[in-house]
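Biologist: I have not looked at this one before. Can you put it up and take me through some of the side chains?

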Amino acid sequence: MSSELPEALAEIRDDFLALTLKERLQLLLEFSNELPELPEQYAEHPDLLERVEECQSPVFIFVEVDPDDVVHLHATAPKESPTTRGFASILAQGLAGMTAAEVLAVPDDFPQMIGLMEAVSPLRVRGMSAMLGRTKRQVRERMHAAS
């Protein structure tokens, strides 16, 4: 697997790493506030979303791969869980517009690359890793179903 990050994720990583630890937490909070709302078809059918069990907070994701092979990650996390919500937002925004192959090539250790290991618990970082893992699995499932 390539260790090269796609441009959007590299930018997010670089933004975090340019900051002090306290500023990184503030940026994570900003991402938390920017988590895109669920599209109506998922808001009305939460059964379509998959729970990320590794997260302490109730986080649910759903991945679409459109006919042009572009991935769309939809996520929901409670507003009172800003760390988890921030991680979901980073992935939703960072993966936006990528092809399935690009998403699958994202290094599994991306959550460790953004410099939050010292700022949040290992359990929370593991939750973000689980979100990325579930996203990749859903992408593979969608690709398999389409072929």
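Biologist: Which residue lies over the face of Phe62?

Modeller: That is Arg142, at 4.8 Å from the ring centre. Keep in mind that this is a predicted model.

Biologist: Is Phe62 itself buried or exposed?

Modeller: Phe62 counts as buried, because its relative accessibility is 14% and the cut-off for buried is under 20%.

Biologist: How many aromatic pairs does the structure hold?

Modeller: Two. In one of them, the rings of Phe16 and Phe31 have their centres 5.9 Å apart, with 15 degrees between their planes, so this pair is stacked.

Biologist: Where do Phe16 and Phe31 sit?

Modeller: Phe16 is in helix α1 and Phe31 in helix α2, so the pair links distant parts of the chain, 15 residues apart. Both Phe16 and Phe31 are buried.

Biologist: And what about the rings of Tyr42 and Phe62?

Modeller: Their centres are 4.7 Å apart and their planes are at 40 degrees, so that pair is tilted. Tyr42 belongs to helix α3, residues 40–43, and Phe62 to strand β2, residues 60–65, so the pair ties together parts 20 residues apart in sequence. Tyr42 is buried, with a relative accessible area of 5%.

Biologist: Back to the helices. At what angle do α1 and α2 pack?

Modeller: At about 140 degrees, and their axes are 9 Å apart. Helix α1 covers residues 7–17 and helix α2 covers residues 21–33. The angle makes α1 oblique to α2.

Biologist: Which residues make that contact?

Modeller: From α1, they are Ile12, Asp15, Phe16 and Leu17. From α2, they are Arg24, Leu27, Leu28 and Phe31.

Biologist: New topic. Where is Glu118 found?

Modeller: Glu118 is in the loop between α6, residues 110–113, and α7, residues 122–146.

Biologist: Buried or exposed, for Glu118?

Modeller: Glu118 is exposed, with a relative accessible area of 57%.

Biologist: What does Glu118 touch, leaving out residues up to four places away in sequence?

Modeller: On that count, Glu118 touches Leu21 and Arg24. Arg24 also came up in the helix contact, on the α2 side.

Biologist: How many residues apart are Glu118 and Leu21 in sequence?

Modeller: They are 97 residues apart in sequence, and 7.7 Å apart in space, C-alpha to C-alpha.

Definitions and conventions:
Residues numbered from 1 in each chain as written. Predicted model: local features only at pLDDT ≥ 70, side-chain atom pairs only at ≥ 80, totals over all residues. Heavy atoms only, no water. Axes fitted to C-alpha atoms, helices over the stretch in contact; angles between N-to-C directions. Helix = DSSP H or I, 4+ residues; strand = E, 2+ residues; numbered from the N terminus. Parallel < 35°, antiparallel > 145°, perpendicular 65-115°, else oblique. Contact = heavy atoms within 4.5 Å. Phe/Tyr/Trp six-rings, centres within 6.5 Å; stacked < 30°, edge-to-face > 60°. Buried < 20%, exposed > 50% of the residue type's maximum accessible area, 1.4 Å probe, protein only. Lys NZ or Arg CZ within 6 Å of the ring centre and 35° of its normal.
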